[in-house]
Amino acid sequence: MERYQFEYFLAVVDHGGINAAATALNLAQPTISQAVRLTERELGVQLFHRIGRGMVLSSAGHALIGPARRVMRDLIVAGSALSDDIGRARGRLDLAVASTMSAGTLAEIVAAVRREAPGVVFRISELRDEASAPVLIREGHCEIAICHLPVSVGTGLVEVEIGEQEWWLTFPPGRGVPAEEPLRLADIPDIPFVVVPKGTPRAREIESEVRRAGRELRVSAVLEHREARLSYVLAGLGAAFLDRPLAEEAQRRGATVRSIEPRVSSPIGLVYDTDRLSAAGRVFVETVRGRKFS
């Protein structure tokens, strides 16, 4: 099989159909269709069930996703193993990053790596579910994940702690808030809260600390998208426990922010597979190790 066959197959999977895949790759729809049919003929299996105008993965198609992603990742790593004429790393480096860590220090690190290795191109995607980081790395979606730790216990992947994130209490603009800094959880005013689902580790930890302080949160909204909490707080829907970078952004936009007692924080770091780390990936890891990430 040729590289383009894996690429087109994964594009159909990721974008949900031939037309969307063709648009994403800037190709004609028949080009994608012909490549998929050729792949099915060569493998002797049906990768998709054609239902009306839609396509649904077959069991064989599901089984091919992991190997196809690994092939594409290995090709990227192979290209990244090459150096320019003075020995600097080159190629593409794919990162999956938790939403609150995608700016600030990360931007500075990416810029530092680019200065050292200008031939490296970054593709940075959002890591919405941190527990999925090991799967994304194993299946080739990304080379390195940046997220709260731990996430990869028992997977054989490497975790490198590079800093921590602290949770602060953020109130809507104009809301009367105790002046104490830090604010004890036992002294939280009676106000509705915007929260994330209780299944996340940080949500469980915060809820436990609030209960130890003898309080219960009165919930006004439960949001799957953590980054959306800022908008709801600013709109006056309620207070929220936000990652420090998001809380600082809320403060710049008029919200009232307090650190809390007891303090709630979580280590953050890199997750990667040492055996499959490209030259560009190694440069990135070495650069990050020398910085405090927040």
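A residue is called buried when its relative accessible area is under 20%, exposed when that area is over 50%, and partly exposed in between, using a 1.4 Å probe and protein chains only. By this criterion 45% of the 294 residues of the protein count as buried. The structure is a predicted model, in which local features need pLDDT of at least 70 and side-chain atom pairs count only at pLDDT 80 or more, while totals for chains, interfaces and linings use all residues. Residues are numbered from 1 along each chain as its sequence is written, and side-chain values use heavy atoms, with hydrogens and water left out.

**Overall architecture**

- The protein contains ten helices and 13 strands, where helices (H or I, at least four residues) and strands (E, at least two) are DSSP runs numbered from the N terminus.
- The C-alpha trace spans about 70 × 55 × 35 Å along its principal axes.
- With contact taken as heavy atoms within 4.5 Å, 72% of the contacts with a separation of 6 or more are accounted for by residues 24 or more positions apart.
- The mean positions of the 37 positive and 37 negative charges lie 3 Å apart, with Lys and Arg counted as positive, Asp and Glu as negative, and His and the chain ends not counted; each charge is placed at NZ of Lys, CZ of Arg, CG of Asp or CD of Glu.

**Strand E6 and its partners**

- Strand E6 (residues 158-171) is largely enclosed by the rest of the structure, because ten of its 14 residues are buried.
- Two strands are said to pair if DSSP finds at least two bridges between them, and E6 pairs with strand E13 (residues 265-272) in the antiparallel sense over eight bridges; within this pairing, Val158 stands opposite Tyr272 in E13.
- E6 also pairs in the antiparallel sense with strand E10 (residues 240-243), over four bridges, and here the bridge partner of Trp167 is Asp243 in E10.
- Strand E11 (residues 256-258) is joined to E6 by three bridges and runs antiparallel to E6, with Arg258 in E11 as the bridge partner of Leu169.

**Buried helical and strand positions**

- Helix H10 (residues 279-289) is likewise largely enclosed by the rest of the structure, since eight of its eleven residues are buried; among them are Ala279, Phe284 and Val288.
- Gln5, in helix H1 (residues 3-15), counts as buried at 2% relative accessibility.
- The side chain of Gln5 is joined to that of Glu42 by a polar contact of 3.2 Å, a polar contact being a pair of N or O atoms within 3.5 Å, of which, within protein, one must be able to donate a hydrogen and the other to accept it, and for which residues adjacent in sequence count only if both atoms are side-chain atoms.
- Leaving aside neighbours within four places in sequence, Gln5 is in contact with Ala35, Leu38, Thr39 and Glu42.
- Val194, in strand E8 (residues 192-195), is buried with a relative accessible area of 2%.
- The C-alpha atoms of Val194 and Ala239 are separated by 6.0 Å although the two residues are 45 residues apart along the chain; beyond four places in sequence, residues touched by Val194 include Leu223, Tyr232, Leu237 and Ala239.

**Loop positions and backbone geometry**

- Most residues other than glycine have a negative phi, and most peptide bonds are trans.
- The peptide bond from Leu149 to Pro150 is cis, with omega near 0°, and Pro150 is placed in the loop between strand E5 (144-148) and E6.
- A cis peptide bond also leads from Glu261 to Pro262, with omega near 5°, and Pro262 is found in the loop between strand E12 (260-261) and E13.
- Asn26, a residue other than glycine, has a positive phi near 60°; Asn26 lies in the loop between helix H2 (18-25) and helix H3 (29-43) and is exposed, with a relative accessible area of 71%.
- Ser259, in the loop between E11 and E12, counts as buried at 13% relative accessibility.
- The side chain of Ser259 makes a polar contact of 2.3 Å with the side chain of Glu181, and, not counting residues up to four places away in sequence, Ser259 touches Glu166, Trp168, Glu181, Pro182 and Leu183.
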